[in-house]
Amino acid sequence: MTAPHGFSVSRYAPERSTLARLTARDSVLRRLDWPILLSALALSLIGSLLVWSATRGRTSLNQGDPYYFLFRHLLNTGIGVALMIGTIWLGHRTLRGAVPVLYGLSIVLILAVLTPLGATINGAHAWIVIGGGFSLQPSEFVKITIILVAAMLLAAKVDAGDQIHPDHGTVAKALVLAALPMGIVMLMPDLGSVMVMIVIVLGVLLASGASNRWILGLIGAGVLGAVLVTALGMLDEYQINRFAAFANPDLDPSGVGYNTNQARIAIGSGGRFGAGLFNGSQTTGQFVPEQQTDFVFTVAGEELGFVGAGLILVLLGVILWRACRIARSSTELYGTIVAAGIVSWFAFQSFENIGMTLGIMPVAGLPLPFVSYGGSSMFAVWVAIGLLQSIRVQRPMTA
Amino acid sequence: MTNIPETGRTPRVQTRLVVIQILVFSLLLTLGGRLWYLQIRNGKEYTDEAKNNHVQQVVQPAVRGSILDARGVPLADNETRLVVSASRTELMRMKDDGKAVLTRLAGVLAMKPEDVINKIRLCDAKTPKPCWNGSPYQPIPVTDEATTQQALQIRERAEDFPGITAEPTAVRRYPAPGESRTSQVLGYLSPVTDQEIEKAKDGDSPYLRSDQVGRSGLERTYDKELRGKAGVTRYEVDNLGRVIGQAQSDPAVPGSNVVTSIDARVQAVAEWELHNAMVEARKTFDKNTNENYKADAGAVVVMEARTGRVVAMASQPDYDPNAWVGGISAKDYAALTGKNSNFPLLNRAIQGQAAPGSIFKVIPTTAAVNAGYEFNGRYPCPSSYSIGNQVFKNFESQGHGNITLGQALEVSCDTVYYALAHQQWQKDGGMKPKKDAKDWFYKTAHQFGLGATTGIDLPNEVSGRVPDRKWKQTFWEANKDYWCKIGKRGGSYVEQLSYENCLEGNLMRAGDSVNYSIGQGDTLVTPIQMATIYAAISNGGTLWNPSVGKAVVSPDGKTVTEIKPQAHGKLPMNAKTQSLIEEALAGVATRGTAAWRFGGWPQDKIPMHAKTGTAEVYGKQTTSWFATYTKDYAIVMTISQGGTGSGASGPAVRNIYDALYGLDDAGNQDLKRALLPKPQAALPKIAADGSIDAPTVKPYDPEAQKADPAKDGTAALAGPPAATWRRD
């Protein structure tokens, strides 16, 4: 087995000690984007505290063990970091070759969700229960697959030097391949994930240099689709309610509006410095539903205050800033598109998640990257970090 | 970036990457801004909201103070009852909203399941009673009359009755000592409403969710004193209401006891006699309407003449105040307030108003003296008095020649007053009143306290009415449209009257003045006003604010706050006029219209003064009025559609005096039997532990007052005197 691209250290003195190799000026460790890595780690650790605080009293969830979710979140983070290392080791270029396989696997998995293997959690039939307390949410991985498959197609001819920008045929093909899994996820229905995927596709198309007409056309189609879906009553009532309640929680204070209202009270009551970890009455009293997953930001808002919640925004900002830099400095369009896709994904998902807890976005079942409890999400975002690192590691040492 | 590789990034891509970056950071900035807005700008508001969210109050009710009579006999106290309550929060958490549990509970309590379910539903605009209008977090009482057997069943099968408790609890009780209900005077309690909580929130005595509030009578006037302070424990709770910590705890402070001037024994006599007088009146034939008297309502007031303190106050129809305890049932509520109920909740002693008839005559007598007429002058008393073509009859339709004002009072001669009122009316300018019109007859009525409340310490007292020029003007302005619409010249009585009223109803006509002078026409008074006036005549002219509350005693008995009687005026008469009027009123009791009811009365020992009144009411039978006083007490009784003053009310009032002074109906005094020969001045004895020892009260036995014929052969009297004396 030949060494993958990422670890091409062998061209330097192979007799050097491991420590020396790792700390050498051109080593992988030196070339990693540390701000991204440290921010992601910090977010995951903050997340573990928030998840712990949100769940230590929820005996119906934690099976009597207040540390249950803390340990699971740390475990998920560990697995996530391992997946990142694996991704860096394989390298995004290697993965480029495996994209058709990954794509096929993703389709199979999300189709499996629609079979009796799938389970419904919070109105979305988006889960596969593996057993032993584990369940899988394939739509999280589909986000990566869509980025990779679109990047592969759109960058293929450009990176080969045949084209300056992807041609219409290529864009159309990429859109069709992205639309297939999105359509299946829509059936679950996991609208939040579909929204994220649409934004990913937009970001990918933008970064690929595809014609403006495609971008505008896609936005137009999205608006038209939204209007049609609403007009034709294709949305279930709970979806419309969720949408209406963010704008006016008083519309349905005991139903959907309850979540947004309680979330807002929790965050608002945090003030500058928060009530202190474990001291938030809204959190301790379990007034905010789904607080360890979708509404985890409210724990930060209430117990860590503006300072703590602001820190989460700053850390997300660092990751996004560095990821933009990686996109701009990639030697190939493929890397640029993948990085831009990840930026779109993280940015929109974070905005939607935090925005709904702050009452400026409709409620959608989306986790906050790194912070929310949930294995699938954690693994997917760490793989994405791995991809970003791989893009950075594999470019020439000129930057 | 210093070194841009050639491949991959055309300027277009490069620009778009910058666009993406700008978009991404705008989103982050939006979040940051919103976060600042919620946490820094509006943080306080949300902190308060979070506090409301997670703190729940559990209230330990304070034991409400007792209402005691003048000797310490409880008129309202508390008893321990087995109360079965349901926790709504717990029931609503069940799959069927607790229906199964409540149905089982209904079985044990032998109630209908829907009755139980209705009791714990929450009141709102659309829900009819019964429903719960207290806090949903408070256990809701289903019954306070559970037997030990039922309570044991519920407790032993706790697993079958989740959310249900059966516990001994202090419950209001109106023990009715000596069968005295004292219904309207005591009033009743009902749970506090949301609006009241909101209103009293920032005051010095805020309400708690579980509070019962006095709705009428003494329970309302002295609510603050009686209520005490409920103990509150504030718990931190989670979203399901489960307790996660105790925040704060204030212990309950029991309410104070209120000692009243009511004497339960006298009250029992007054109630029995009033009721009996009405029963008797209904057996009496009314020649004017050719049917028996209806005697549909009545009231009696027994007042200490020298303090204005109320010794007894009864109003018929009455009700059992215990009906309100533990939440009134829909049936009972309808019986008390429905259209056909005749409104037993009304305290007619202070809320019933009627034309006073001849008991009013002390006022025009005083007015005449103040206007310059000699008390002992001679005034013609013909059988009728004419103004133009209008004839005003002397109600006895009998002349008495020229008589003094005292005699006019004694024989209740209407025409004397007609003439004086008419003269004064003319003097004041008649239909076109002078600027400085004296209006003696009206002014004097106001000076006697009519047309205004007496200030008794009971809620919702009404003021009655003195139909003076000012009132006529306001009344006409309010009604002229209606009168002018239905008025018809030469039509039926009502149409003709409306026609006249439409034309000149704002003017004081001669007839109005004349009618008014004998307490007829638009004059309205309440029994308590008349009792206050007659007490004032007795005590030398002081118009006391009638009072029921006498002292507030703290629950430990250490602090006693006496409620001192207060006066609101003096009668506008000098000592001479007063003694002449007293003489005349004594004459009424010995020689005049009331004499046949005071046969054998020991006038030399206990001088009795009286005035009878029989007021005409258009379309109804006459109102019986009887106003009396001794040096100690004033008693006023009235019976609506009851007949004449002395006829309907006379025996009852006499019997009340007999009971007070221990007289038999031949006038023999037995002080051992006397309930209250002198008003109770001292407060009841309060033991060191704050408890108040109460004597037992036996029910009133009307037979006991009958004279022993074997002992005294002269007993019981002659029948009524000549018919002419009866109509007054």
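Reader: In which loop is E179(B) found?

Author: In this predicted model, local features need pLDDT of at least 70, side-chain atom pairs count only at pLDDT 80 or more, and totals for chains, interfaces and linings use all residues. Residues are numbered from 1 along each chain as its sequence is written, while chains are lettered from A and ligands numbered from 1 in the order in which they are written. E179(B) has a positive phi of about 65° although it is not a glycine. With helices (H or I, at least four residues) and strands (E, at least two) taken as DSSP runs numbered from the N terminus, E179(B) is found in the loop between β5 (164-173) and α7 (183-186) of chain B.

Reader: Which peptide bond is cis, and what is its omega?

Author: The proline concerned, P317(B), has its place in the loop between β14 (310-316) and α12 (330-337) of chain B. The cis bond runs from Q316(B) to P317(B), with omega near -5°.

Reader: Which residues of chain B does the UniProt annotation "transmembrane region" cover?

Author: UniProt positions are given in the numbering used here, with feature names shortened, and annotations may be inferred rather than shown by experiment. For chain A, the unreviewed entry lists several such regions, among them residues 34-55, which are 100% helix in the model. For chain B, the span under this annotation is 100% helix and 0% strand, and its end C-alpha atoms lie 30 Å apart. The unreviewed entry places it at residues 17-37 of chain B.

Reader: How is α9(A) placed against α10(A), parallel or antiparallel?

Author: Axes are lines fitted to C-alpha atoms, for helices over the stretch in contact, and angles run from 0 to 180 degrees between N-to-C directions. Helix α9 (residues 191-208) and helix α10 (residues 212-231) of chain A pack at an angle of about 165°, with their axes 10 Å apart. Since angles under 35 degrees count as roughly parallel, over 145 as roughly antiparallel, 65 to 115 as roughly perpendicular and the rest as oblique, this makes α9(A) to α10(A) roughly antiparallel.

Reader: Which class does each residue in the contact of α8(A) with α9(A) fall into?

Author: The axes of helix α8 (residues 168-187) of chain A and α9(A) come within 10 Å and cross at roughly 170°, so the two helices are roughly antiparallel. The contact includes M182(A) and V185(A) of α8(A), together with V194(A) and M197(A) of α9(A). Ala, Val, Leu, Ile, Met, Phe, Trp, Tyr, Cys and Pro count as nonpolar, Asp, Glu, Lys and Arg as charged, and the others, Gly among them, as polar. By that scheme the residues divide into 9 nonpolar, 1 polar and no charged.

Reader: What classes make up the contact of α9(A) with α15(A)?

Author: α9(A) and helix α15 (residues 333-357) of chain A pack at an angle of about 145°, with their axes 8 Å apart. Among the residues that meet are G203(A) in α9(A) and G341(A) in α15(A). The contact has 14 nonpolar, 7 polar and 1 charged residues.

Reader: Which element gives the most to the side of chain B that touches chain A?

Author: The predictor gives the complex an ipTM of 0.90 and a pTM of 0.64. The contact takes 38 residues from chain B and 49 residues from chain A. On the side of chain B, α1 (11-41), α2 (43-54) and β8 (231-237) each supply at least two residues. The element that gives the most, with 17 residues, is α1(B).

Note on methods:
Two residues are in contact if their C-beta atoms, placed from the backbone, lie within 7 Å.
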